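Take one feature at a time, with the general idea before the case.

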Amino acid sequence: MSDGDEGAGQVAPSGRRDARRNKETLLDAAATVFVTSGVDAPVREIAAKAGVGLGTIYRHFPTRADLIIGVYRHQVDACADAGPPLLATGSPHTALGQWINLFVDFLVTKHGLAAVLQPDNADFEALHAYFLDRLLPVCTELLEAAAVAGEIRPDIDAYQLMRGVGNLCIGAESDPRYDARRMAELLVAGLRRPHH
C-alpha cells in the first residue's frame, strides 16, 4: 500500500461514517412514518421527517420495496445490537426481559413491513433468514447467561421462545385492549428456575 493510499484511507472512513449516519437517520425516519402512516406513506413525508430531499431517498432506495427491506433490516440490527449492552448491565434474567420487550416492540410495529412482502417472494425469505441469523444468537446468548447464573431453567430453546413471543404479538397492533408486551413479560417471568 502506498502513502497515497493511506491518506485516502484516512479521509474515506469519515465520509463513510457520515453517509452511514445519514442513511440511518433516513431509515429511522422511514420507520417512524411507517408506524404512524403505514408502509404506503408518501416518500415526501419520509424525506421531510428525515430532513433530506427525495433524491437522497431514491439514491439509497430506488423502490419502495428497497426502502421497506432497508427499514426492516435496520430495525433487526438495532434489536440484535441491544442484547450485549443489556447483558452487561446486571442480572441476565433482567437483561433477557428487557431484550424481549425490544423484540416485542419490533414485532408489533414491524408486522406491516413483513406483510408487504409476500411469503413466496425471495426478498421475504432473505429477510426471514436475516432476522433469524441476527436475532437467534442474541437470544441464545441471553438465555445461556441467565441459565448459567441459575436464574432460569437451562432447557429453554431460543427459537421456541422467540416463536412463542411472536405468537403473543399476533394482532396486537390492531387491538388496543391487548398488551403483547405484558404477555411476553409473563412468559419471561415464567422461565425462572423453580425454588425448592
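Q: What should I know before reading the values?
A: This is a predicted model, in which local features need pLDDT of at least 70, side-chain atom pairs count only at pLDDT 80 or more, and totals for chains, interfaces and linings use all residues. Residues are numbered from 1 along each chain as its sequence is written, and side-chain values use heavy atoms, with hydrogens and water left out.

Q: How many residues does α6 have, and how far does α6 reach?
A: Helices are DSSP runs (H or I, at least four residues), numbered from the N terminus. The expected span is 1.5 Å times one less than the number of residues. α6 has 27 residues and reaches 39 Å from its first C-alpha to its last, close to the 39 Å expected.

Q: Where does α6 bend?
A: A bend is the angle between axes fitted to the seven residues ending at a residue and the seven starting there. α6 bends by about 30° at leucine 135, and proline 137 follows within four residues. Just after α6, glycine 150 has a positive phi of about 75°.

Q: Is histidine 93 buried or exposed?
A: Buried means under 20% relative accessible area, exposed over 50%, and partly exposed in between (1.4 Å probe, protein chains only). Histidine 93, in helix α5, counts as buried because its relative accessibility is 9%. Arginine 44, in helix α2 (residues 43-50), is exposed at 62%.

Q: Which residues touch the most other members of the largest nonpolar core?
A: A nonpolar core is a set of buried Ala, Val, Leu, Ile, Met, Phe, Trp, Tyr and Cys residues joined through side-chain atoms within 4.5 Å. The largest one has 38 residues, and Trp99, Ile100, Phe103, Phe131, Leu135 and Val165 touch the most other members. The largest share, 10 residues, comes from α6.

Q: What does leucine 135 touch?
A: Contact means heavy atoms within 4.5 Å. Leaving aside residues up to four places away in sequence, leucine 135 touches Val76, Cys79, Ala80, Trp99, Phe103 and Met162.

Q: At what angle do α4 and α6 pack?
A: Axes are lines fitted to C-alpha atoms, for helices over the stretch in contact, and angles run from 0 to 180 degrees between N-to-C directions. α4 and α6 pack at about 10°, with their axes 9 Å apart. α4 is therefore roughly parallel to α6, a term for angles under 35 degrees.

Methods
Helices (H or I, at least four residues) and strands (E, at least two) are DSSP runs, numbered from the N terminus. Angles under 35 degrees count as roughly parallel, over 145 as roughly antiparallel, 65 to 115 as roughly perpendicular and the rest as oblique.
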